[in-house]
Amino acid sequence: MDENFQDEQFTGIIKFTPPLYKQRYQFIKDLVGKYKPKKVADIGCADCTLLWMLKFCSCIEVLAGLDICASVMKEKMHRLSPLPGDYLQPTERSLTVTLHHGSVAHRDACMLGFDLVTCIELIEHLEQSELKKFPEVVFGFMSPSIVVISTPNSEFNPLLPGVTLFRHSDHKFEWNRAQFQSWALETARHYDYSVEFTGVGHPPKGMENVGFCTQIGVFVRKYPKASESAQSEKPTKAAYKTVFKAVYPSLKDEKYLQNAVVSEVIFTAQIIKQRLLNCLMSECEEYNDDPTERKSKFQPSVSCFPEDLRKLVVEKGMEPFVDGNVVYIPLKTILSFPKVNQLCGTFEKLQQLIVGKVTLSSDGSAVMFTTEDENEEN
């Protein structure tokens, strides 16, 4: 028996493991992992579950949802908002999530420019007039690189207890495989797409002839769409109403990048400072000296540092030191730490981001702390 299918013989209830809706969403996630689209739109997004799953895909920078029922979207759309952790640790990618209220039978320029458009269990809910306009809007006007359409396979229905006509009361039709494939092939031919057929929800062993419970068509555009063509079709009036928009914090935003760099610089400098002061205390105890009376420049032996830090401080001009009651940590040393280097890249960028946020030496080459700060902390 297939791993995602369980037949409870005593109750007559068919269960899919994982549940069928999760298998559909996982199919989309796998497709995203394969093609790495940056802009993804889910038409008929309902409670936004698929969008919520896709927001964790690192390749995606723009997510959009469209549904005819605004109330269903609003019930769960808060899940698409950034969390406190997103602000504490912004990622390098930018991410914008937008939800629109409207019909797929109408055109709106906000749905142009997407790499992938998903229509999961949508077309069977459309009236005949809407279904007729659907290909014109999705394949003709939006014209994404990839379109994924899933719909129930009516040939599987006899295996589902309680299903007499359609699986849901709102379904206007349910196609068998021949009907879906005929429609899909004609649509692909008309709009210059190729299409491959697959599905999720395997039938029980010995009944493979009924096909998947959910049938899926994956459409791939054959030729790039000319930008001027898209502009010529751009409607003058918005057809959709935006009901939600979230812009996630990103290191591409100078404000969030500066906050991240300043935080990392202070953290790194504090580590180096503590190592220096520990060395100072050790040497003073060895020679019965009082560190508070020292006024001359102190440069500890690099042997007091751990191996990874030792490699940094031996570089010319990168040695941290204590002068009187002031601790100096060169920016070159701090920049050599992988996290800081990844954030800034160059010495000039590092200086630019921390000036006015961190106390620097007069020439701007080192971060300064006082030993009094250390005493206060202790």
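Modeller: One term before we start: helices here are DSSP runs of H or I with at least four residues, and they are numbered from the N terminus. Leu50 is found in helix α2 on that basis. Bear in mind that this is a predicted model.

Colleague: Fine. Is Leu50 buried or exposed?

Modeller: Leu50 has a relative accessible area of 1%, so it is buried.

Colleague: What does Leu50 touch, apart from residues up to four places away in sequence?

Modeller: Its contacts are Tyr25, Ile28, Asp42, Thr118 and Ile120. As for Gln26, which is 24 residues from Leu50 along the chain, the two C-alpha atoms are separated by 9.1 Å.

Colleague: Ile28 makes me think of the core. Which residues touch the most other members of the largest nonpolar core?

Modeller: Ile28 is one of them, along with Val32, Leu54, Ile60, Leu99, Val148 and Phe244, in a core of 41 residues. Elements that each supply at least two residues of this core include α1, α2 and the strands β2, β5, β6, β7, β9 and β10. The most comes from α1, with six residues.

Colleague: And Val32, what is it in contact with beyond its neighbours within four places in sequence?

Modeller: Val32 is in contact with Pro37, Leu54, Cys57, Cys59, Ile60 and Leu116. There is also a second, separate core, which has 31 residues, with Val104, Leu122, Leu126 and Phe219 among them.

Colleague: Switching to pockets. What is the volume of the largest pocket?

Modeller: About 710 Å³. Its lining has 32 residues, and those nearest the centre are Gly44, Ile120, Glu121, Leu122 and His125.

Colleague: Which element gives the most to that lining?

Modeller: α1 does, with four residues. α1 (20-35), β3 (39-43) and β4 (62-67) each supply at least two.

Colleague: How does the lining of the largest pocket split by class?

Modeller: It has 16 nonpolar, seven polar and nine charged residues.

Colleague: Now Val72. Where does it lie?

Modeller: Val72 lies in helix α3, residues 70-76.

Colleague: What is Val72 in contact with, leaving aside neighbours within four places in sequence?

Modeller: Ala46 and Asp47. Cys45 is 27 residues from Val72 along the chain, with their C-alpha atoms separated by 9.2 Å.

Colleague: One more residue, Arg107. Where is its place?

Modeller: Arg107 is in the loop between β5 and β6. It counts as partly exposed because its relative accessibility is 33%. Arg107 and Val138 are 31 residues apart in sequence, and C-alpha to C-alpha they are 8.8 Å apart in space.

Colleague: Last, the whole chain. How many helices and strands does the chain have?

Modeller: It has 13 helices and 14 strands. The chain has 378 residues, and buried residues make up 45% of them.

Colleague: And what share of the contacts with a separation of 6 or more comes from residues 24 or more positions apart?

Modeller: Those residues account for 71% of such contacts in the chain.

Key: Residues are numbered from 1 along each chain as its sequence is written. This is a predicted model: local features need pLDDT of at least 70, side-chain atom pairs count only at pLDDT 80 or more; totals for chains, interfaces and linings use all residues. Side-chain values use heavy atoms; hydrogens and water are left out. On a 1 Å grid over the protein atoms alone, a cavity is a set of points where a 1.4 Å probe fits but cannot get out, and a pocket is an open set with protein on both sides within 12 Å along at least five of seven lines; lining residues have an atom within 4 Å of a point. Grid points are joined across faces, edges and corners, and a volume is the space filled by probe spheres set on the points. Ala, Val, Leu, Ile, Met, Phe, Trp, Tyr, Cys and Pro count as nonpolar, Asp, Glu, Lys and Arg as charged, and the others, Gly among them, as polar. A nonpolar core is a set of buried Ala, Val, Leu, Ile, Met, Phe, Trp, Tyr and Cys residues joined through side-chain atoms within 4.5 Å. Buried means under 20% relative accessible area, exposed over 50%, partly exposed in between (1.4 Å probe, protein chains only). Contact means heavy atoms within 4.5 Å.
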